[in-house]
Amino acid sequence: MAATTFVHLTDLHICEADGKDTDNSSNTLETLHKVLEIIRNIPEKPSFVAISGDLTDRGDIESYRLVRGLIDDLDMPIVYALGNHDTRAGFYRGMLDRSRNLRVPYDHETVIDGLHIIVLDSSRGDRIGGVLDPAQFDFLDAALDREAERPKLIMVHHPPALDDDADEWASLRHADSRRLADLIRDRNVIGMLCGHIHQDRVAHWHGVPVIVGNGHHSQLDILHPRHEIRMLEGASIGLCTVRPSGLTVNFIPMPSQRRELVVFPHGDLQETETEGTED
Ligand SMILES: [Fe+2]
């Protein structure tokens, strides 16, 4: 297998109404234009772009149409996942022109340039953290069997919880994370592509690299004391290469002064271990 290059984007948080996010602190539309210009100028055209959720900030149809119009212009395959800021109904209507079955999870798979990409929808209504239900694990299990010889990438907005001390608002539920770890072991998974926590981070998780992209909206200040969440100006994209030896990710940061955008108490994001509501 020759090397395959692709781009990983995440957390676009696009707002059609005014170009800014709900807090009016980050001009994500301007950032997306800059990112698309970078992608167009990559010397060797990437095979595809993977976007791991929070495509829009508010989940409205108009914002999805705006994202679609801009991204389609890249003229390359795009693989989408949904995040907690997305709505399934808005995505299906605005991005896929679908008017039926608007509540079902957007789980899907595709093969591009020999890579088997499996996408799981961890969004659950207004829950901040991620959930995978039993039917989604069945889908994943079957998908992992279908193209057993091909290297596999799993795209899911919420990264798995790295241990049981992890905040569940910042990851998949602990129980789902443990089940995911069991399911992907020795199944030719070369990496997971995630977003949600607005930072560039690589974790070697049960033998699989879990890549979290910072995304376009803001950057979590991981040096700030943990009793508060401090968000800074900051964005990045991932330029990824799959070789026979495995996955490489180069994080490409956008210029930033790391200006403070917002600070709030860490406790504001805690959520209980309950089943989220469907869209
Ligand atoms: Fe996000």
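I began with the packing of helix H2: its buried residues rest against strand E3 (78–81) and helix H3 (88–96). I note that the model is a predicted one.

Next I looked up which residues of H2 those are. Ser 63, Tyr 64, Leu 66, Val 67 and Ile 71 are buried in H2. I then viewed the helix down its axis: the buried residues of H2 fall within an arc of 160°, so they line one face of the helix. On the other side of H2 I found Gly 69 and Asp 72, which are exposed.

H2 covers residues 61–72, which is 12 residues, and reaches 16 Å from its first C-alpha to its last. That is close to the 16 Å expected at 1.5 Å a residue.

I turned to helix H1, residues 28–40. Its 13 residues should span 18 Å at 1.5 Å a residue, and I find the end C-alpha atoms 18 Å apart, which agrees.

Which residues of H1 are buried? I listed Thr 28, Leu 29, Thr 31, Leu 32 and Val 35. Seen down the axis of H1, these buried residues fall within an arc of 150°, so they line one face of the helix. Glu 30, His 33, Glu 37 and Arg 40 are exposed on the other side of H1.

Last, I asked what covers the buried residues of H1. The cover includes strand E1 (4–9), H2 and strand E12 (236–243).

Technical notes
Residues numbered from 1 in each chain as written. Predicted model: local features only at pLDDT ≥ 70, side-chain atom pairs only at ≥ 80, totals over all residues. Helix = DSSP H or I, 4+ residues; strand = E, 2+ residues; numbered from the N terminus. Expected span 1.5 Å × (residues − 1). Buried ≥ 20, exposed ≤ 12 C-beta atoms within 10 Å, placed from the backbone. Arc of directions from axis to C-beta. Contact = placed C-beta atoms within 7 Å.
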